[in-house]
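Open your viewer and load the structure. This tour tells you what to select at each stop, and what is there.

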Amino acid sequence: MTVVDNLMVGLETALTFQNLIYCLIGVTVGMVVGVLPGIGHLTAISLLLPLTFYAPVTAGLVMLAGIYYGAQYGGSIASIMINMPGTASSAVICLDGYPMTRQGKAGTALIITTIASFVGSCIAILLLILLSPPLARAALSFHSADYFSMMALGLVAAGTLIQGSKFIGAASVAVGLLLGIVGTDVSSGTMRFTFGAPQLFDGISIVVIAMAFFGVTEVMTSIGKVRDHALNAKVTLRSMMPSRKDLAESRFPILRGSAVGSAVGILPGAGGGSMAAFMAYAVEKRLSRTPEKFGNGAIAGISAPEAANNAAAQSAFIPTLTLGIPGDAIMALILGALLVHGITPGPQVIADSPELFWGLAVSFLVGNFILLILNIPLMGVWVRLLRIPPTYLFPAITLFIAVGVYSVANISFDVFLVAGLGLIAYIMVAFGFEPAPLLLGYVLGPLIEENFRRALLISRGDFMIFVERPISAIFLVLSVLLVIWVVMGARTPKTETKET
C-alpha cells in the first residue's frame with residue numbers, strides 16, 4: 001500500500017464520530033492538566049488509563065495520546081504567566097516566557113508558543129507517517145537477541161540520560177525491573193515476590209504502578225507549594241497578534257527546534273520532551289548573535305523549546321509502535337495499554353492492525369488542528385484556570401485515583417497497594433529517585449526477560465548469540481559507549497575543579 005492508501009485508511013478510522021469525540025476529550029483534558037501546575041500529563045493519563053479498558057482500543061489510545069500532546073500545548077501557559085511549568089518539558093519556557101510577561105508581552109509569548117507547538121507537531125507527524133513503515137519492515141528481521149539488546153540500550157539510556165544522579169537513575173530502573181517480575185513466572189509457574197498474597201499472583205497492574213508513582217506522589221509533593229505569583233497580565237486577542245519581527249525571529253528557531261525534537265523523540269529511552277526542549281534551547285543560544293538576550297525575553301528562547309517538546313511528543317510514537325520500545329514514561333503507559341488490550345507493540349502492528357496505526361497517526365493531525373482552534377480564542381479561559389485553588393484540586397485527584405484503581409479489577413487490595421507504594425514513591429522522590437526510569441524498567445523488564453530466554457533457547461544456552469548477531473552486537477556496543485560517555489562526562493568537571 002502507498003502512503004496515500006495508508007492515509008485514507010487512517011482518515012476513515014480517525015474521522016468516525018466515536019474517535020473524534022475521544023480525540024476532543026483527550027486534547028481538552030490535556031490542555032487543562034497542562035495549564036494547571038502540579039498535575040501533569042503523567043498523572044492525568046494514569047487517572048484515565050482504567051477508562052480505556054472499557055473503550056475500543058483505537059479510541060482509548062487516541063484519547064491517551066491527545067492528553068499527552070495536549071498537555072505539551074498547555075504546559076507553556078503556566079510557564080509564561082506565573083513562572084511555574086505545567087509539565088516538565090515546559091520548564092525551559094520559564095527562562096524567557098515569564099520575562100516576556102513582565103515586559104507586557106504575555107500575549108505575544110502565548111501565540112508564538114502555540115504556533116511553535118503546531119508546527120513542531122506537524123513536522124514530527126510527517127516523519128511518523130514516512131519513517132514508520134520502512135522501520136517496521138526492517139524490524140521484522142530482528143531476532144530475539146536483537147530485541148533484548150535493543151531494549152537493554154533503552155534501559156541504559158533511561159537510567160543514564162537523566163538530569164540528576166546517574167547512579168540513582170540506574171537504581172530507579174533496577175527497582176522497576178524488580179516490580180515488573182512480581183507474580184507468576186510464565187515459563188516455570190514459580191511465584192516470585194508475591195509473599196503469599198493471591199492478589200499478586202498475576203503481578204502488579206500497570207495502573208497501580210502509574211497511580212502510585214505519578215498520581216499519589218505528584219499530589220503529595222505538590223501539597224504545600226504556594227503559588228505566590230499574581231496573574232496581573234491581561235491577555236486579549238489584540239495582544240496576541242505577533243509583529244512581523246516576532247514571526248521573523250521565531251521562524252528558523254521553530255524549524256531547528258522541530259528537527260531537534262523529532263530526532264530526540266525517535267531515540268528509545270532518551271527521555272522525550274524535557275531533553276529535547278533543553279537541547280533546542282542550548283542550540284539556539286549557541287547560534288544566536290545576541291546570546292545575552294536569552295533569559296531576558298528572547299523569542300527564540302520560547303519558540304525553539306516549544307517546537308522541540310511537541311515534536312518529541314509525536315515522534316516518540318515511532319519506536320513505541322514500530323519497535324515496542326518506549327521513549328519515556330508516557331510511552332511506557334501507552335505501551336502498557338496496548339498490552340492490556342492484547343496488542344503486542346512492534347513491527348507487526350502496522351501489518352496486523354493498519355486501522356489502529358494509521359487511525360492513530362491521522363488522529364494526531366486532527367487533534368493538533370483541534371488544539372489550534374481551542375487555543376487561540378479560548379486563551380483567556382486557560383489563563384483563568386490558573387486561579388483554581390489547590391485545596392479543591394488535590395482532594396479531587398486523590399478521589400479519582402482511588403476510584404480508578406478499584407474500577408480495574410474491583411479489588412480493594414489494589415487501593416491499599418497504591419497507598420503503600422505511593423508513600424514509598426514519595427520517600428524515594430525525596431531522596432532524588434526518578435519515577436520515569438522506574439516505569440520504563442517495569443514495562444520493559446518482562447519483555448527483556450522473555451526475549452533473553454527465547455534467545456538462549458534458540459542458541460541452546462550459548463551467550464555468544466548476543467555478540468555474533470550484528471544487530472545485537474551494535475546495540476550492545478552502543479550501550480557500553482553510552483555508559484562510558486556518561487561516566488567520562490561525570491568525571492570531567494571534577495578534574496577541572498581540582499586543576500583550578
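Two residues are in contact when heavy atoms of theirs lie within 4.5 Å. With that in hand, select Asn19. Leaving aside neighbours within four places in sequence, Asn19 is in contact with Thr13, Ala14, Thr58, Ala59 and Val62. Keep in mind that this is a predicted model.

**Stop 1**

Asn19 sits in helix H2, residues 17-35. Is Asn19 buried or exposed? Its relative accessible area is 6%, so Asn19 is buried; the cut-off for buried is under 20%. Asn19 and Ser363 are 344 residues apart along the chain. Their C-alpha atoms are separated by 8.1 Å.

**Stop 2: the whole chain**

Zoom out and colour by secondary structure. The protein chain has 22 helices and two strands. It holds 500 residues, and 55% of them count as buried. Next, think about contacts between residues at least 6 apart in sequence. Of these, 79% join residues at least 24 apart.

**Stop 3: the nonpolar cores**

In soluble globular proteins, nonpolar side chains tend to be buried together. Here, the largest nonpolar core has 134 residues. Select Ile77, Ile209, Phe213, Phe317 and Leu439, which touch the most other members. Then select helix H4, residues 57-82. H4 provides the largest share of this core, with 16 residues.

Which residues does Ile209 touch? Not counting residues up to four places away in sequence, Ile209 touches Leu179, Ile204, Phe214, Leu421, Leu438, Leu439 and Tyr442. Show their side chains.

There is also a second, separate core of seven residues. Among them are Ala276, Ala280, Ala304 and Ala312.

**Stop 4: the cavity**

How many cavities of 30 Å³ or more does a search of the whole structure find? The search finds one. The volume of the largest cavity is about 30 Å³. To find it, select Phe213, Ala425, Met428, Val429, Phe433, Glu434, Pro435 and Leu438, the residues that line it. You have met Phe213 already, in the largest core.

Now colour helix H19 (412-430) and helix H20 (435-459). Each supplies at least two residues of the lining. H19 gives the most, with three residues. By type, the lining has seven nonpolar residues, no polar ones and one charged.

**Stop 5: aromatic pairs**

Show the aromatic rings. A pair of aromatic rings is described by the distance of the centres and the angle of the planes. The count comes to ten aromatic pairs in this structure.

Select Tyr281 and Phe294. Their ring centres are 5.5 Å apart and their planes are at 85°, so this pair is edge-to-face. Tyr281 belongs to helix H11, residues 273-287. Phe294 lies in the loop between H11 and helix H12 (300-315). The two are 13 residues apart, and the pair links distant parts of the chain. Tyr281 counts as buried, at 10% relative accessibility. Phe294 is buried too, with a relative accessible area of 9%.

Move on to Phe452 and Phe466. The ring centres of Phe452 and Phe466 are 5.5 Å apart, with planes at 10°, so this pair is stacked. Phe452 is in helix H20, and Phe466 is in helix H21, residues 465-468. They are 14 residues apart, and they link distant parts of the chain. Phe452 counts as partly exposed, at 28% relative accessibility. Phe466 is buried, with a relative accessible area of 6%.

For a cluster, select Tyr68, Tyr69, Phe317 and Phe364. Ring pairs link these residues together. Phe317 is one of the residues from the core stop.

**Stop 6: two positive phi angles**

Most residues other than glycine have a negative phi. Go to Phe195, where phi is near 55°, a positive value. Phe195 lies in the loop between strand S2 (191-192) and helix H9 (206-222). Its relative accessible area is 76%, so Phe195 is exposed; the cut-off for exposed is over 50%.

Finish at Arg460. Its phi is near 60°, again a positive value in a residue other than glycine. Arg460 lies in the loop between H20 and H21. Arg460 is exposed, with a relative accessible area of 81%.

Methods
Residues are numbered from 1 along each chain as its sequence is written. This is a predicted model: local features need pLDDT of at least 70, side-chain atom pairs count only at pLDDT 80 or more; totals for chains, interfaces and linings use all residues. Side-chain values use heavy atoms; hydrogens and water are left out. On a 1 Å grid over the protein atoms alone, a cavity is a set of points where a 1.4 Å probe fits but cannot get out, and a pocket is an open set with protein on both sides within 12 Å along at least five of seven lines; lining residues have an atom within 4 Å of a point. Grid points are joined across faces, edges and corners, and a volume is the space filled by probe spheres set on the points. Helices (H or I, at least four residues) and strands (E, at least two) are DSSP runs, numbered from the N terminus. Ala, Val, Leu, Ile, Met, Phe, Trp, Tyr, Cys and Pro count as nonpolar, Asp, Glu, Lys and Arg as charged, and the others, Gly among them, as polar. A nonpolar core is a set of buried Ala, Val, Leu, Ile, Met, Phe, Trp, Tyr and Cys residues joined through side-chain atoms within 4.5 Å. Buried means under 20% relative accessible area, exposed over 50%, partly exposed in between (1.4 Å probe, protein chains only). Rings of Phe, Tyr and Trp (its six-membered ring) pair if their centres lie within 6.5 Å; planes under 30 degrees apart count as stacked, over 60 as edge-to-face and the rest as tilted.
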